[in-house]
Structures are given as C-alpha cells and as structure tokens.
Amino acid sequence: MSSGNNISTSGQPSTVRQLFNNRVIRESQKVDNIKPNELLLDKVSVCRGDITVIDVDAIVNAANESLLGVDGAIHRAAGPELLKECRLLNGCDIGDAKITKGYKLPARHIIHTVGPVYHSEYEGTIAGQLASCYKRSLEVAVEKGLKSIAFPCISTGIFGYPNMKAAKIALTEIRRFLESDIGKQIEQVVFVVFLERDDKTYKELIPQIYPLTKTDVLAS
Ligand code: ADP
C-alpha cells in the first residue's frame, strides 16, 4: 500500500523557472551565499503525485524490504519480473544504488537506493548516507548514459527522516552533482512529491537553493 494519500496520477512536472514565472514560488531573501545558476532552472522540476506514472529514463526507488510505501507502489506497477531481477542484485548498502529494468512502468529503468533510517543521535552520519543516495543514483544513471531521472523523497516515509532536513539534503546534493563535470550529462531531474507537506517544503526551499538569476528578476 502507498503511504499517505492515495494519488494515482501525476501532474506535469514544472521546471523551477516555470514555478518562478507562474508565481508559484517567489524569490527568497535567504540566498546571499548561493550563486544563481541559469542552467539549473530548466533542468530541475517538481511534480506532485505518483512516481510510477512518470515517463523518464529512470525513476528512483526508496527501496526497503517491507514492500510498503513507494517501493510497494513501484513493484505493483512494474510487475513480478522486477522482484526476480532485484533478487539477483545481491542486496544494496545504505547510501548505495543499483539499477534494474523498468518492466511495465513508463520509465525505462528503476534505480534502487537504500536510504538511512532516521536517528537524531547519528545525524551527521545519516545525513551523509542520505546525500549519498542521491549522488550514487545519479552516478548510476550517468554510467548507463541516462538523461532524465525522477526522485521520491527518500527516507521520509517509513524511515522517518524529518521532511525539511531531507529536502534540504536532496536539493543541495542534486545541485552539487548537476554542477560537477559528470553531472552535465543529466538533462532533467524531477522531484516527485507525494504528500502536500513535501510539496510545500520543496516550494519553500527551491528559491533558496535554486535562486533566480538577476536577468530573470529584471524580466519578471
Ligand atoms: P522510506 O522507507 O525511504 O522512508 P517510503 O516509501 O516510506 O520510503 O517513503 C518515501 C517517500 O515516498 C515518502 O515521502 C512517501 O510519501 C513517498 N511515496 C509513497 N508512495 C509514493 C508514490 N507512489 N510516488 C511517489 N512517492 C511516494
């Protein structure tokens, strides 16, 4: 079963630039030391809904053994062949990622990553593991020559990571990767937010981590 609201469809992803242009998000005052990067405004999108219906080269699965949450939704939508291929993967460490085919999904591949279970006393280690889930998923995508990838909010469901902290890590790590040499190969990253709470959080944080360029401010 999916956790939370039972959403079976997804809206069209909106790029960060479209969110700014349509006034869904507004410039933030908290961007002093973060440089605008024009390219990222068109590469990064947000979409509320079900990741299993997104048409991209790869969707990321927040894998866990219970087959609940997004993992369960992905296995149900992809069909039983997926589990057979997963059994051949030889497990996956926390913070690592492994790829399978997408089977019945519109997405061609599934990148399975294992997020950390949240424990406040190990905050530093856990934050590093969560960042690694995003980085390794993107590295695997680049190794396969994939261009578009969609992420759920890893670890924020059953694994209990506070959603604001997790979103900050996700947005920051993706920006860092897209700005790295190998990251330039990725053309589209979609954050698929399932719950209203995460939708609000991403829209609050995006203007801080993906600020508009000066040109855009003047043009709007
Ligand atoms: P974890 O074990 O990593 O916490 P969960 O699947 O419990 O994984 O939750 C991760 C995130 O995925 C949560 O934000 C949850 O609301 C979201 N989620 C659940 N079902 C879907 C779905 N079908 N599409 C996209 N996101 C989903």
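Two strands are taken to pair if DSSP finds at least two bridges between them, and strands (E, at least two residues) as well as helices (H or I, at least four residues) are DSSP runs numbered from the N terminus. The structure is a predicted model, in which local features need pLDDT of at least 70 and side-chain atom pairs count only at pLDDT 80 or more, while totals for chains, interfaces and linings use all residues. Residues are numbered from 1 along each chain as its sequence is written, and side-chain values use heavy atoms, with hydrogens and water left out.

Strand β5 (residues 109–113) is joined to strand β3 (residues 58–62) by five bridges in a parallel arrangement, and five bridges also link β5 to strand β4 (residues 97–101), here in the antiparallel sense. His109 in β5 stands opposite Ala58 and also opposite Lys101. Because five of the five residues of β5 are buried (under 20% relative accessible area, with a 1.4 Å probe and protein chains only), the strand is largely enclosed by the rest of the structure. In a regular strand the side chains alternate between the two faces of the sheet; in β5, His109, Ile111 and Thr113 point one way, whereas Ile110 and His112 point the other way.

The shell around the ligand comprises nine nonpolar, seven polar and two charged residues, where Ala, Val, Leu, Ile, Met, Phe, Trp, Tyr, Cys and Pro count as nonpolar, Asp, Glu, Lys and Arg as charged, and the others, Gly among them, as polar. Helix α3 (residues 69–78) contributes the largest share of this shell, three residues.

Technical notes:
Buried < 20%, exposed > 50% of the residue type's maximum accessible area, 1.4 Å probe, protein only.
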